[in-house]
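Visitor: Before we talk, please show me the sequence and the structure.
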Amino acid sequence: MQIKKKMIATFNPSRLSGTIEAPPSKSMAHRYLIGAALAKERSILSGMDYSQDILASIDCLKALGTKIFIEKDKVTIEPYEFMRRTDSILECRESGSTLRFFLPLALCLNKPVTLKGSERLMERPLDIYEELCQEKGFDFYKDKESVTVCGNLESGKYELRGDVSSQFITGMIFALVHLGAESSIRVRPPFESRPYIHLTIAALNSFGAKVEFTDEFTIKIKPSCMHSFSGKIEGDYSNAAFLASFNHIGSDVHIENLNADSLQGDRVFQEYFRKISEGKPVLDISDCPDLGPVLIALASLKNGAVFTGTNRLKAKESDRGMAMQEELAKLGGGIIFGDNQIVVPKQELKYRGIPISGHNDHRIVMAMSVILSKIGGTLEGIEAVNKSYPGFFNDMKQLGAEVKIK
């Protein structure tokens, strides 16, 4: 097997300035692509960015019978054969969203379906679906590179834990919308990352699906006649946070293509960055775990911070708390772990000649790039940004960052 050579970025301390457009929201793109397939009519989505995660969802939709045509940033979805002509293998690459969104749809097919992915992806929790399969008598088998399921999921009432990942709830919503009869999902508290469920409902409502909260913990799915939708994917607050963080360490970056009325939970970065710049705040990230690395990075360059609700950082593309600790230690810093908590003390970071690792995690790469743009240094494994934000380093260069890629 050929081993891929890691790409390296070498930074000189620099000040960024200029105007940049936020990349399209990966969270919204997943949801609109699947919503378009469920609608059973042709839809056209523009403003698409082809990160590895989005390509994984496109591959899975094609495997489930959807015809998809790509022209620059425009995607045409023809879903007439969706869930009718299906392959037995779905390639999820390294996308946790893709795996968790498509597994319940696979359970609707009443035949064995294998969802394949990287070893790290298969290490991430799937317990909620495994428990559901055990309860219903469905087949569920997982190994290091795949999970195979076989079931005949039906409409009805379901109860799911809300403390692992909202992606499980979204996946079940997609499957129950496809099944077409009235259903409900009761979310067992604590209900973390609730904003992502609002994103799912908003996307599906754009296609005419009748999905709504009937109380704080209950989601109702009603029969509906879904229609086509054409529109542009809004900008991504999750990735825009990395660009905006430069403004709090001496740069002047203006970000366009962000919807001020967006339902994206990660828009909270604006408030959290301000609080980090003003002092040493205590911030709950249980609803925005994807912001964890950039928040830790910024706090390490400012006066520190205390982050609560951090347990879910362990089950991402890397153990993000430990990854940040390992890399900050190379710079003479570090973080302190508590019970569902991370403390970032005030510290002086300096590059000491030891290359920084990206841990094969797009958000670790971008977070450490923020730090190294301030203090200088070398970062290995930068190709991980292709998972969500392929143009990240080009955008940094456009804004004046002194960074060489090889």
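Guide: Helices (H or I, at least four residues) and strands (E, at least two) are DSSP runs, numbered from the N terminus. On that basis the protein has 13 helices and 22 strands. This is a predicted model, in which local features need pLDDT of at least 70 and side-chain atom pairs count only at pLDDT 80 or more, while totals for chains, interfaces and linings use all residues. Residues are numbered from 1 along each chain as its sequence is written, and side-chain values use heavy atoms, with hydrogens and water left out.

Visitor: What makes the radius of gyration of the protein agree with a compact globule?

Guide: The radius is taken over C-alpha atoms, and the globule rule is 2.2 Å times the number of residues to the power 0.38. For 406 residues a compact globule would be near 22 Å; the protein has 21 Å, so the two agree.

Visitor: How much of the protein is buried?

Guide: Buried means under 20% relative accessible area (1.4 Å probe, protein chains only). Of the 406 residues, 57% are buried.

Visitor: Why is a set of residues called a nonpolar core?

Guide: The name applies because its members are buried Ala, Val, Leu, Ile, Met, Phe, Trp, Tyr and Cys residues joined through side-chain atoms within 4.5 Å. The largest such core has 75 residues, of which Phe102, Leu115 and Ile185 touch the most other members. Helix α1 (residues 26-39) gives the most to this core, with 9 residues. Apart from it lies another core of 58 residues, including Ala9 and Val403.

Visitor: Which residues is Ile185 in contact with, leaving aside its neighbours within four places in sequence?

Guide: Contact means heavy atoms within 4.5 Å. Among the partners of Ile185 are Tyr158, Met172, Phe217 and Ile221.

How values were computed:
Buried < 20%, exposed > 50% of the residue type's maximum accessible area, 1.4 Å probe, protein only.
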